[in-house]
Amino acid sequence: MVAARFLDIPPLERVAGRIRVPGSKSISNRSLLLAGFAEGTTTIEGLLDSDDTRVMIAALRTLGARIDVRDANETRVVGIAGRPLVSSASLFLGNAGTAMRPLAAALAITCTRHGGAYELRGTPRMHERPIGDLVQALRSIGCGVDYLGADGYPPLRVFGVGSPAEPTRTSAIRVRGDVSSQFLSALLMALPMRCAADAADHAVIEVEGALISRPYVDITLDVLARFGVAIVRDGDDFRVPALPPRAPGRFVVEGDASSATYPIAWGAIAADPTSPLRIEGIGVRSIQGDIAFADAVRAMGANVTFGEDHVVVSRGRMPLAPISIDANAMPDAAMTLAALALYADGPSRLSNIASWRVKETDRLAAMATELRRCGAKVAEGADFLEIAPPETWSAAAFDTYDDHRMAMAMSVAAFNAVAAPDGAVPIRIRD
């Protein structure tokens with residue numbers, strides 16, 4: 001794939017028609033991991049084609065899974081039944097947290113049963129993203145994990161050191177929940193691969209501190225249930241059976257709620273009520289927390305209605321109403337809210353978003369910098385942004401920081417012709 005040096009977008013004032021969003025990244029990589037480690041064959045429909053899924057597919061193939069991408073809508077996975085077919089490998093996982101964290105946990109667990117040694121590496125930015133809390137949890141049950149660079153960060157080496165300790169209710173696995181929910185999700189997907197002799201055995205995970213991005217954990221539990229792994233939840237404690245995932249035969253990936261936030265935002269700004277924008281592939285039954293973005297946009301004054309597999313959006317009031325929201329449960333969608341705040345008639349505040357700092361880039365600093373380029377006044381705190389819309393829009397060239405969501409969120413600024421018809425400006429999205 002050749003990267004574009006930049007994308008120029010003229011000032012836009014109208015949007016209409018239909019758009020279908022791609023498959024959910026979160027669901028896609030969870031289903032790939034479980035299908036790859038399961039026994040049997042899984043046909044995944046609607047799998048997202050992205051950097052994250054490509055590195056997951058490449059890693060699973062290296063470990064021995066047979067993966068046949070038949071067309072844009074069907075991927076066939078023959079799993080390895082919890083035992084990699086190679087005893088050593090070096091896996092490159094790019095900047096995909098949805099690949100690095102769960103694969104590290106899954107391989108650490110399988111190494112205790114079957115031996116082996118595997119290195120997991122990524123981009124320079126991945127080597128700056130913390131993983132120490134997950135490593136500490138894995139070491140607490142006897143898994144072999146070494147850092148190959150700075151302590152607390154990838155790259156990692158996982159290796160077999162013998163049978164893992166079996167946690168009991170009094171010696172639960174503890175993991176912090178206030179840095180990244182991916183640590184908990186990784187453990188939830190990996191621990192069933194222990195395959196204890198006693199099928200009634202359960203490991204217990206206790207979350208320490210506040211659990212951020214809780215809806216992503218709900219996605220993990222839902223996908224595990226579809227692979228036959230029923231986890232019992234008691235608040236922030238989780239009982240995980242030692243039963244490996246089973247291929248469900250057919251698995252359908254719903255549309256990506258995070259990706260749907262961009263056209264929802266466009267519609268809220270620029271879709272006439274007589275000719276609304278219809279976003280297909282995501283609907284009222286979505287299991288993704290980012291679907292709550294639609295409620296936030298409705299609170300800002302847009303017209304939003306849900307169907308079974310679609311959302312219909314049009315402009316209600318313009319300017320939009322400012323919003324003050326705790327965005328902890330929808331960190332990806334909150335980036336789009338930050339861009340949508342450019343169209344409000346007063347300052348908006350997004351709070352409880354400290355997790356932005358450990359994503360593909362430091363998204364708090366990046367969003368503050370880029371929103372200022374088009375004329376907004378932005379206050380950046382440790383875990384919040386306050387955004388006052390531009391008094392006069394400035395033509396801006398936005399940097400993306402090698403982060404897909406920065407590029408997509410800033411596309412919202414192209415509709416400035418609606419907010420400033422006499423002062424509309426083009427925008428450029430670099431890289």
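**Cavities, contacts and pairings**

Q: How many cavities of 30 Å³ or more does the structure hold?
A: This is a predicted model, in which local features need pLDDT of at least 70 and side-chain atom pairs count only at pLDDT 80 or more, while totals for chains, interfaces and linings use all residues. Residues are numbered from 1 along each chain as its sequence is written, and side-chain values use heavy atoms, without hydrogens or water. A cavity is a set of points on a 1 Å grid over the protein atoms alone where a 1.4 Å probe fits but cannot get out. With a size of 30 Å³ or more required, the number of cavities is two.

Q: About how much space lies in the largest cavity?
A: A volume here is the space filled by probe spheres set on the grid points, which are joined across faces, edges and corners. For the largest cavity, that space is about 330 Å³.

Q: Which helix gives the most to the lining of the largest cavity?
A: Lining residues have an atom within 4 Å of a point, and the largest cavity has 28 of them, with Ser26, Thr98, Gln182, Tyr216 and Lys359 nearest its centre. Helices are DSSP runs of H or I with at least four residues, strands are E runs of at least two, and both are numbered from the N terminus. At least two lining residues each come from α1 (25–37), α3 (97–114), α5 (181–190) and α11. With five residues, the top contributor is α5.

Q: Is Ser258 buried or exposed?
A: Ser258 is part of helix α7 (residues 257–270). Buried means under 20% relative accessible area, exposed over 50%, and partly exposed in between, using a 1.4 Å probe and protein chains only. Because its relative accessibility is 5%, Ser258 is buried.

Q: What distance separates the C-alpha atoms of Ala260 and Glu280?
A: Ala260 also lies in helix α7, and its 1% relative accessibility is why Ala260 counts as buried. Beyond its neighbours within four places in sequence, Ala260 touches Val21, Ile279 and Ile282. Glu280 is 20 residues away from Ala260 along the chain, yet their C-alpha atoms are separated by 8.7 Å.

Q: Which residue in β14 is the bridge partner of Ile44?
A: Strand β3 (residues 41–45) has four of its five residues buried. Strands pair if DSSP finds at least two bridges between them; β3 runs antiparallel to β5 (residues 74–78) over five bridges, with Glu45 bridged to Glu74. On to β14 (residues 250–252): this strand runs parallel to β3 and is joined to it by three bridges. There, the partner of Ile44 is Phe251.

Q: How far apart in sequence are the parts tied together by Tyr343 and Trp393?
A: Rings of Phe, Tyr and Trp (its six-membered ring) pair with centres within 6.5 Å, and planes under 30 degrees apart are stacked, over 60 edge-to-face and the rest tilted; the count is three aromatic pairs. Tyr343 and Trp393 make a tilted one, at 5.4 Å centre to centre and 40 degrees between the planes. Tyr343 is buried at 1% relative accessible area, as is Trp393 at 8%. Because Tyr343 lies in the loop between α9 (331–340) and β19 (348–351) and Trp393 in the loop between β21 (384–388) and β22 (396–398), the parts they tie together are apart by 50 residues.

Definitions and conventions: 1 Å grid on protein atoms, 1.4 Å probe; cavity = no way out; pocket = protein on both sides within 12 Å on 5 of 7 lines; lining within 4 Å. Contact = heavy atoms within 4.5 Å.
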